[in-house]
Amino acid sequence: MSESSPLVRRARPDDVPAIAGFAGELYRLHHRLDAARFWDLGGDTPDRVAGRARFFASQLEDPDTRLLVAEAEGRTIGYAYLTFERHDYAQLLESAAWLHDVWVEPEARGGAVADALFAAAHAEAVAAGQTRMVFTVAAANARAAAFFERHGARVTMREMMVDLSPPTS
């Protein structure tokens, strides 16, 4: 992968298959980090792949959603998924930009791709009049937490879980 900065732009319908594939990788990563917490949506069965594609295709037309892709050398190498939320009582937020996903292909990591996606998501949130951007990071994903902290993030809430499954003998 070249050292040049990636191009980050809003996603188009022809980007959906790549985004759906990246999302599957992200879901698999989360499930590997904590299988009791994260639903395994990353399977590549035809139904799962089609479901992810339908979901992201539906997001393209939503005025409160931004799907961004990063390209380098003519190839899509990452994406970011951002939504604008108002009156989120469950999260105690009057309004916020929610950065749900940031994914960069493994061979493109360590360069400027994630930084460019984050900067573009930040710019989209500001342009939409948002005053805060929130996101969650899996507790075991120290690399992601460090990335967001470098970009000024601070911990504001901790999700916790009690497993209610019957004990296995």
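So, Glu 73: at 61% relative accessibility, this residue counts as exposed. By that word I mean over 50% relative accessible area, while buried is under 20% and partly exposed is in between, with a 1.4 Å probe and protein chains only. Glu 73 sits in the loop between β2 (65-72) and β3. Its phi is near 55 degrees, which is a positive value in a residue other than glycine. As a general point, most residues other than glycine have a negative phi.

Before I go on, a word about what we're looking at. This is a predicted model, where local features need pLDDT of at least 70 and side-chain atom pairs count only at pLDDT 80 or more, while totals for chains, interfaces and linings use all residues. Residues are numbered from 1 along each chain as its sequence is written, and side-chain values use heavy atoms, with hydrogens and water left out. When I say helix or strand, I mean DSSP runs numbered from the N terminus: H or I with at least four residues for helices, E with at least two for strands.

Back to phi for a moment. His 87 also has a positive value, near 50 degrees, and isn't a glycine either. You'll find His 87 in strand β3. With a relative accessible area of 49%, His 87 is partly exposed.

Now the helices. As a general rule, two packed helices are described by the angle between their axes and the distance between the axes. Here, helix α1 (residues 16-33) and helix α2 (residues 46-59) pack at about 120 degrees, and their axes are 9 Å apart. The axes are lines fitted to C-alpha atoms, for helices over the stretch in contact, and the angles run from 0 to 180 degrees between N-to-C directions. So how do α1 and α2 lie relative to each other? They're oblique. On this scale under 35 degrees is roughly parallel, over 145 is roughly antiparallel, 65 to 115 is roughly perpendicular and the rest is oblique.

Who touches whom? On the α1 side we have Val 16, Ile 19, Ala 20, Ala 23, Gly 24 and Tyr 27, and they meet Arg 52, Ala 53, Phe 56 and Ala 57 in α2. Contact here means heavy atoms within 4.5 Å. Sort the residues of that contact and you get eight nonpolar, one polar and one charged. For that sorting, Ala, Val, Leu, Ile, Met, Phe, Trp, Tyr, Cys and Pro are nonpolar, Asp, Glu, Lys and Arg are charged, and the others, Gly among them, are polar.

Keep your eye on Phe 56, because at 0% relative accessibility that residue counts as buried. The whole structure has 10 aromatic pairs. To pair, rings of Phe, Tyr and Trp (its six-membered ring) need centres within 6.5 Å; planes under 30 degrees apart are stacked, over 60 edge-to-face, and the rest tilted. In one of these pairs, Phe 56 and Tyr 79 have ring centres 5.9 Å apart and planes at 80 degrees, so that's edge-to-face. This pair links distant parts of the chain, with Phe 56 in α2 and Tyr 79 in strand β3 (residues 75-88), 23 residues apart. Tyr 79 is buried too, with a relative accessible area of 0%.

Phe 56 also pairs with Tyr 81: centres 5.6 Å apart, planes at 80 degrees, so edge-to-face again. With Phe 56 in α2 and Tyr 81 in β3, the pair ties together parts that are 25 residues apart in sequence. Tyr 81 counts as buried at 8% relative accessibility. Put together, Phe 22, Phe 55, Phe 56, Tyr 79 and Tyr 81 form one aromatic cluster.

One more residue from α1: His 30. Is His 30 buried or exposed? Buried, with a relative accessible area of 19%. Beyond its neighbours within four places in sequence, His 30 is in contact with Phe 38 and Ala 138.

Last stop, Phe 118, in helix α3 (residues 113-127). Phe 118 counts as buried, at 7% relative accessibility. Setting aside neighbours within four places in sequence, its contacts are Leu 99, Met 133, Phe 135, Phe 147, Phe 148 and His 151. Phe 118 and Ala 80 are 38 residues apart along the chain, and their C-alpha atoms are separated by 7.6 Å.
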